[in-house]
Amino acid sequence: MVIQCAIIFGCLALGELIVWLTGIKLPSSMIGMLLLTTLLSTKVIKLKHVEGMANFLVKNLGFFFVPAAVSLMLFFDIIKAQWLPILLAATLSTMLVIVVTGWIHQLMRKL
Amino acid sequence: MEYLSNMYFLLALTFIVYAASQIIQSRTGWTILNPILVSAIFIIIFLKFTGIGIETYNEGGKYIEFWLKPAVVALGVPLYKELSAIKKQFIPLIVSELAGCIVGIISVVLVAQLLGASKEVVLSLAAKSVTTPIAMEVTKAVGGIPSLTAAVVICVGIFGGMTGFKVMRLTHIGSPIAQGISLGTAAHAMGTSRAMDVSDKYGAFASLGLTINGIFTALLTPTILEIMGVI
């Protein structure tokens, strides 16, 4: 457990370091994720040294943002004031993403 | 009544409400009863009813939120496991995901701007297609409102899961891989769970879709927003 946390938090800390050093506009957690994948595929880290904790975290991803969703109550006013653009933009764009991704994938497979 | 604002009580309440919501969703099988949505609505009503402020709730809540970043790092493990599947179909996957990602960001920004949304709202919508922790991180990075993004991401997930297969039937997207990655790309984990209902193959490609679009969205959103002149 401690080793698994050391690896995951180590990758996160490296991600933070990269953001701090370069000022890159990327989340440190995403950089940490790519670092973890790289370390696994280059066999620097074995899957068993990180898998248990990683599965636990990924499985409970949803739970970890309940407080953020609760904080939504602070933004009722901004949502209420702009509900139409938010609703229409999100739904139209979601349908467009489904269609474009699917079409292009089918097209590429035929080529 | 003062006890109700105790940090450990509020943490316990959050765990219990979430566990109950998960049971309710698995019993009913209704996508709309998303545990995050149900828990958040319950807790918001509880806080309004008892007059406890969000700051008090977050004294405990921050310990839950703390795990978001390590959880995103942990997504590196499923990504590593999918590497051989990604390599086999590398070009079709990358090109279609890239197109879906770019179209998703540009279209949501354009429609929102056209309908007069404020800059903060537009920035919060850009990453709406990807899984919440990533979307919130992206929104934080570009200067939007992460909580608004969380709400929109949940709505997008519910909407995509409910309408996805209908939209694909109407537009003749029939191949299981195309359907899987489309759902994962457009509607993240909730689209993936809908794809899992149909078969594991759909689900596997949906999780691939959500992972790749998560990375693309994190990498490209700031640049696309800069090119569009939003930031």
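How many residues of chain B are in contact with chain A, and how many residues of chain A do they meet? In this predicted model, 95 residues of chain B are in contact with 70 residues of chain A. Contact here means heavy atoms within 4.5 Å.

Residues are numbered from 1 along each chain as its sequence is written, while chains are lettered from A and ligands numbered from 1 in the order in which they are written. Because the model is predicted, local features need pLDDT of at least 70, side-chain atom pairs count only at pLDDT 80 or more, and totals for chains, interfaces and linings use all residues; side-chain values use heavy atoms, with hydrogens and water left out.

The interface was examined next. The size of an interface is often given as the accessible area lost when the parts come together. Between chain B and chain A, the buried area is about 7,200 Å². Carbon and sulfur atoms give 82% of that area. Buried area is the accessible area (1.4 Å probe) that two parts lose on being put together, summed over both.

Polar links also cross the interface. Between chain B and chain A, 17 residue pairs are in polar contact, both residues at pLDDT 80 or more. A polar contact is a pair of N or O atoms within 3.5 Å; within protein, one must be able to donate a hydrogen and the other to accept it, and residues adjacent in sequence count only if both atoms are side-chain atoms. Helix H7 (residues 90-114) of chain B supplies 14 residues, the largest share of the side of chain B that touches chain A. Helices are DSSP runs (H or I, at least four residues), numbered from the N terminus. By class, this side of chain B has 61 nonpolar, 25 polar and nine charged residues. Ala, Val, Leu, Ile, Met, Phe, Trp, Tyr, Cys and Pro count as nonpolar; Asp, Glu, Lys and Arg count as charged; the others, Gly among them, count as polar.

Side chains of opposite charge can pair when their charged atoms come close. Over all chains, the structure holds four salt bridges. A salt bridge is a side-chain nitrogen of Lys or Arg within 4 Å of a carboxyl oxygen of Asp or Glu. Two salt bridges are counted between chain B and chain A. One of the salt bridges joins Glu51(A) to Lys81(B), with the closest N and O atoms 2.8 Å apart.

Glu16(A) and Lys69(B) also meet in a salt bridge, at 3.3 Å from N to O. This pair crosses between chains, from helix H1 (residues 2-22) of chain A to helix H4 (residues 68-74) of chain B. Glu16(A) is partly exposed, at 38% relative accessible area. Lys69(B) is likewise partly exposed, with a value of 25%. Buried means under 20% relative accessible area, exposed over 50%, and partly exposed in between (1.4 Å probe, protein chains only).

Lys69(B) has a further partner in Glu137(B), at 3.9 Å from N to O. Glu137(B) lies in helix H9 of chain B and Lys69(B) in helix H4, so the pair ties together parts that are 68 residues apart in sequence. Glu137(B) is buried, at 8%. Glu137(B) also forms a salt bridge with Lys140(B), the closest N and O atoms being 3.9 Å apart. Both residues lie in helix H9 of chain B, three residues apart, about one turn of the helix. Lys140(B) is partly exposed, at 47%. Through shared partners, salt bridges join Glu16(A), Lys69(B), Glu137(B) and Lys140(B) into one network.

Helix H9 (residues 132-142) of chain B also holds Thr132(B). Thr132(B) is buried, with a relative accessible area of 2%. Leaving aside neighbours within four places in sequence, Thr132(B) is in contact with Phe65(A), Ala150(B) and Val153(B).

The cysteines were then considered. The count is zero disulfides over all chains, a disulfide being a pair of cysteine sulfur atoms within 2.5 Å. For Cys11(A), the nearest cysteine sulfur is that of Cys5(A), 12 Å away. Cys11(A) is buried, at 2% relative accessible area. Cys155(B) is partly exposed, at 48%.

Backbone angles come last. Most residues other than glycine have a negative phi, and most peptide bonds are trans. Lys43(A) has a positive phi of about 65° although it is not a glycine. Lys43(A) lies in the loop between helix H2 (28-41) and helix H3 (51-59) of chain A, and is exposed at 61% relative accessibility. His172(B), also not a glycine, has a positive phi near 60°. The loop between helix H10 (146-170) and helix H11 (176-198) of chain B holds His172(B). His172(B) counts as exposed, at 67% relative accessibility.

Methods:
Helix = DSSP H or I, 4+ residues; strand = E, 2+ residues; numbered from the N terminus.
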